[in-house]
Amino acid sequence: MHEMGIANSVLDAVRHESEIRQGARVLKVGVRVGELAAVDPESLRFCFEALVSGSDLEPLVLDLEYCPRRNRCRHCGEIFPATEFPFTCPQCNSEETVLAGGDELEFAYMEIEET
Ligand SMILES: [Zn+2]
């Protein structure tokens, strides 16, 4: 499963961060998943929880931020949620718009216990 690999690399990054900070405990990790990232947020969460459960990382929490597709208008620069094709600019009605977000798969933040 694709999501298992992603969950694993998230946990690798968390362990790495903890090592850099002399074993500080990471409490929460925020990950942004775009609509177009070809990742199912629910299975990512499931895999993450399966890996964390019973491990030294418990009780690490995953904060998934789901990012819908967005387009930017080439004419007026408006950025808008692109839910239905054709992606027409709500400001100027132009159909010349380009993808401006929704394909992200990245770390947002880590919350680390104060020591
Ligand atoms: Zn526009």
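Modeller: Gladly! In this predicted model, strand 1 (residues 26–34) and strand 6 (residues 105–112) run antiparallel and are joined by 7 bridges.

Biologist: What makes strand 1 and strand 6 count as paired?

Modeller: Pairing takes at least two bridges between two strands. Strand 1 and strand 6 have 7 bridges, so they qualify. One place to look is R32, which stands opposite E106 in strand 6.

Biologist: In which sense does strand 1 pair with strand 2?

Modeller: Strand 1 and strand 2 pair in the parallel sense, over 7 bridges. Here you can look for V33, whose bridge partner in strand 2 is Y66. In general, strands of a sheet pair through backbone hydrogen bonds, either parallel or antiparallel.

Biologist: What makes strand 1, helix 2 and strand 2 a right-handed unit?

Modeller: Point the strands away from you and follow the path from the first strand over the helix to the second: a clockwise path is called right-handed. Strand 1, helix 2 (residues 41–52) and strand 2 make a right-handed β-α-β unit, so the path runs clockwise in that view.

Biologist: Now D63, please. Why is D63 called partly exposed?

Modeller: Residues with 20 or more C-beta neighbours within 10 Å are buried, and those with 12 or fewer are exposed. D63 has 13 such neighbours, so it falls in between and counts as partly exposed. You will find D63 in strand 2 (residues 61–67).

Biologist: Which residues does D63 touch, leaving out those up to four places away in sequence?

Modeller: D63 touches K28, V29 and G30. The C-alpha atoms of D63 and V31 are separated by 6.2 Å, although these residues are 32 apart along the chain.

Biologist: Why is Q22 called exposed?

Modeller: The limit for exposed is 12 or fewer neighbours. Q22 has 7 C-beta neighbours inside 10 Å, so it counts as exposed. Q22 sits in the loop between helix 1 (2–20) and strand 1.

Biologist: And is A38 buried or exposed?

Modeller: A38 is exposed, because 11 other C-beta atoms lie within 10 Å. A38 belongs to the loop between strand 1 and helix 2.

Biologist: What makes the backbone at Q22 and A38 worth a look?

Modeller: Most residues other than glycine have a negative phi, and most peptide bonds are trans. Q22 is not a glycine, yet its phi is positive, about 50°. A38 is not a glycine either, and its phi is also positive, about 60°.

Biologist: Which peptide bonds are cis?

Modeller: One of them joins E58 and P59, with omega about 0°. P59 lies in the loop between helix 2 and strand 2. Another cis bond runs from F85 to P86, with omega near -5°. P86 is in the loop between strand 4 (79–81) and strand 5 (97–101).

Biologist: One last topic: what is the strand order in the open sheet of 3 strands?

Modeller: The order is 4-3-5, with antiparallel pairing. Strand 4 and strand 5 are the edge strands, since each pairs on one side only. On average, neighbouring strands of this sheet are turned by 40° against each other, direction ignored.

Biologist: How do you know that strand 3 and strand 4 pair?

Modeller: Strand 3 (residues 70–73) and strand 4 have 3 bridges in the antiparallel sense. At least two are needed, so they pair. R72 stands opposite I79 in strand 4.

Note on methods: Residues are numbered from 1 along each chain as its sequence is written. This is a predicted model: local features need pLDDT of at least 70, side-chain atom pairs count only at pLDDT 80 or more; totals for chains, interfaces and linings use all residues. Helices (H or I, at least four residues) and strands (E, at least two) are DSSP runs, numbered from the N terminus. Two residues are in contact if their C-beta atoms, placed from the backbone, lie within 7 Å. Axes are lines fitted to C-alpha atoms, for helices over the stretch in contact, and angles run from 0 to 180 degrees between N-to-C directions.
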